[in-house]
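Please open the model in a viewer and keep the selection tool at hand.

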Amino acid sequence: MRYPEGGGLTAERRAFREKIRLRAGERFAAGEKTAVIAKDLRVSVRSVERWRRAWREGGMEALRSAGPANSPTVTDAQFTVLEEELGKGPSAHGFDDERWTLARVQTVIRRRWRLSLSVATVWRLLKRHGWSWQAPARRALERDEHAVEPVEEGGVAEGKSLAAAHGAWIVFEDESGFSMTPPRARTWGRRGHTPVIRVRGRSRRRTSVAALCCYKPGVESRLIHRPRNHLLLKGARKSFSWQDYRDLLVRAHIQLSGPIVVVWDNLNTHLAAGLKRYEAEHDWLTTVRLPPYAPDLNPVEAVWSLVRRAMANTAFDTPDDLDRVLRRELRRIQLRPHLIDGCLTATGLTLAPPTPPRKPQ
């Protein structure tokens with residue numbers, strides 16, 4: 001029996017180790033002591049003792065390399081069982097959402113068969129058996145399956161000049177709605193069999209969130225938000241009123257302890273007469289309009305992207321569960337100012353006001 005080698009060694013490394021063992025075998029035959037051999041070859045005494053046992057049992061041939069050891073793998077029969085486990089969904093295995101990632105599949109294999117596979121090996125395993133990375137389809141829980149048969153910056157530059165002149169915060173505002181139907185993200189599934197997430201098809205409540213990304217040179221960026229629940233009843237308001245926006249801006253003024261320049265879109269509620277009148281009565285508030293059809297200039301859009309990415313493929317049981325996840329993800333961004341700064345960087349905007357053109361001499 002030849003001496004086994006680790007599967008991660010290169011051919012040169014295996015040849016070098018074999019040379020060391022054969023040199024030790026020659027000294028075994030000469031009757032030299034283990035400690036002396038270990039000191040001369042610069043290896044541990046335990047390794048020399050192990051080699052000596054192998055030499056006694058099989059001679060010099062037992063010290064030769066047997067090549068790389070076989071790496072752990074999943075057999076076809078085991079993969080059949082693995083497919084059944086993956087078909088139960090990530091939630092059945094203790095994960096928060098319905099998204100299969102390579103790391104999660106790696107965890108399932110380790111729990112089921114105590115095999116430690118690398119992420120690259122898991123990727124090759126899934127590819128070999130016809131799995132691919134794809135976006136799942138959504139389907140209502142109430143569905144009866146048996147009954148179904150087959151820029152230009154525009155006004156933003158003006159806002160930065162005003163903020164620089166008055167030492168104010170530049171505050172970008174946007175709002176977004178969230179429902180019980182979660183956004184979709186790609187997950188692993190067998191090719192030709194689109195993964196399905198079981199979601200609530202109906203809910204009598206919708207959650208809207210208005211958020212402010214607040215920036216000021218030399219000061220840590222801030223995220224301020226206000227959620228609002230709307231009942232989907234006839235005649236009920238399904239969005240923020242101008243009073244809600246006024247209260248949010250007052251809250252931002254108190255928290256930031258300074259004047260603010262609000263940059264937002266041309267939503268009709270933003271243009272309400274009551275909001276304009278309130279702005280005229282308070283010198284700490286200035287509003288600037290974003291250019292039409294330019295959501296890419298608003299860093300709050302990137303905040304919504306981060307929130308939806310974290311909520312992707314999550315099946316919410318109740319509206320309260322949706323609100324809890326929303327608060328958690330927004331709080332996570334609040335505690336990481338570098339994420340808020342990254343949202344501004346994604347827009348291509350800077351906090352420095354534009355440099356006025358120099359007059360000709």
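A salt bridge is a side-chain nitrogen of Lys or Arg within 4 Å of a carboxyl oxygen of Asp or Glu. The model on display is predicted, and a search of the whole structure finds 12 such bridges.

**First stop: salt bridges**

Select Arg190 and Glu83. Their closest N and O atoms are 2.7 Å apart, which forms a salt bridge by the definition above. Arg190 is partly exposed, at a relative accessible area of 30%, and Glu83 is also partly exposed, at 22%.

Next, select Asp97 and Arg104, whose side chains meet in a salt bridge of 2.7 Å, N to O. Are these residues buried or exposed? Asp97 is buried, with a relative accessible area of 8%, and Arg104 is buried as well, with 17%.

Then select Glu61 and Arg64, which are joined by a salt bridge of 3.5 Å, N to O. Glu61 has a relative accessible area of 39% and is partly exposed; Arg64, at 32%, is partly exposed too.

**Second stop: helix α3**

Select residues 45-58, which make up helix α3. At 1.5 Å a residue, the 14 residues of α3 should span 20 Å, and the end C-alpha atoms are 20 Å apart, which agrees. Colour Ser47, Val48, Trp51, Arg52 and Ala54, the buried residues of α3. They cover an arc of only 165° around the axis, so they lie on the same side of α3. The face turned away from that buried side carries the exposed residues Arg46, Arg56 and Glu57. Just after α3, Gly59 takes a positive phi of about 75°.

Select Phe172, Phe178, Leu223, Val303, Trp304, Val307 and Met311. These are the residues with the most contacts inside the largest nonpolar core, which has 32 residues. Elements that each supply at least two residues of this core include β5 (169-178), β8 (205-216), α10 (299-311) and α11 (319-334). Which element gives the most to this core? It is α10, with six residues.

Now centre the view on Phe178. Beyond its neighbours within four places in sequence, Phe178 is in contact with several residues, among them Arg206, Val209, Trp304, Met311 and Leu326. A second, separate core of 19 residues includes Ile224, Tyr245, Ile260 and Leu275.

The buried residues of α12 are Pro337, Ile340, Cys343, Leu344 and Thr347. Seen down the axis of α12, these buried residues fall within an arc of 115°, so they line one face of the helix. What covers them includes β5, β8, β9 (219-231), α10 and α11. On the face turned away from the buried side are the exposed residues His338, Thr345 and Ala346. Just after α12, Gly348 takes a positive phi of about 85°.

**Last stop: two loops**

Most residues other than glycine have a negative phi. Select Ser257, in the loop between α8 (242-256) and β10; Ser257 is not a glycine, yet has a positive phi of about 55°. Ser257 is exposed, with a relative accessible area of 65%. Finally, select Asn313, in the loop between α10 and α11. Asn313 is also a residue other than glycine with a positive phi, near 65°. At 0% relative accessibility, Asn313 counts as buried.

Note on methods:
Residues numbered from 1 in each chain as written. Predicted model: local features only at pLDDT ≥ 70, side-chain atom pairs only at ≥ 80, totals over all residues. Heavy atoms only, no water. Core = buried A, V, L, I, M, F, W, Y, C linked by side-chain atoms within 4.5 Å. Buried < 20%, exposed > 50% of the residue type's maximum accessible area, 1.4 Å probe, protein only. Helix = DSSP H or I, 4+ residues; strand = E, 2+ residues; numbered from the N terminus. Contact = heavy atoms within 4.5 Å. Arc of directions from axis to C-beta. Expected span 1.5 Å × (residues − 1).
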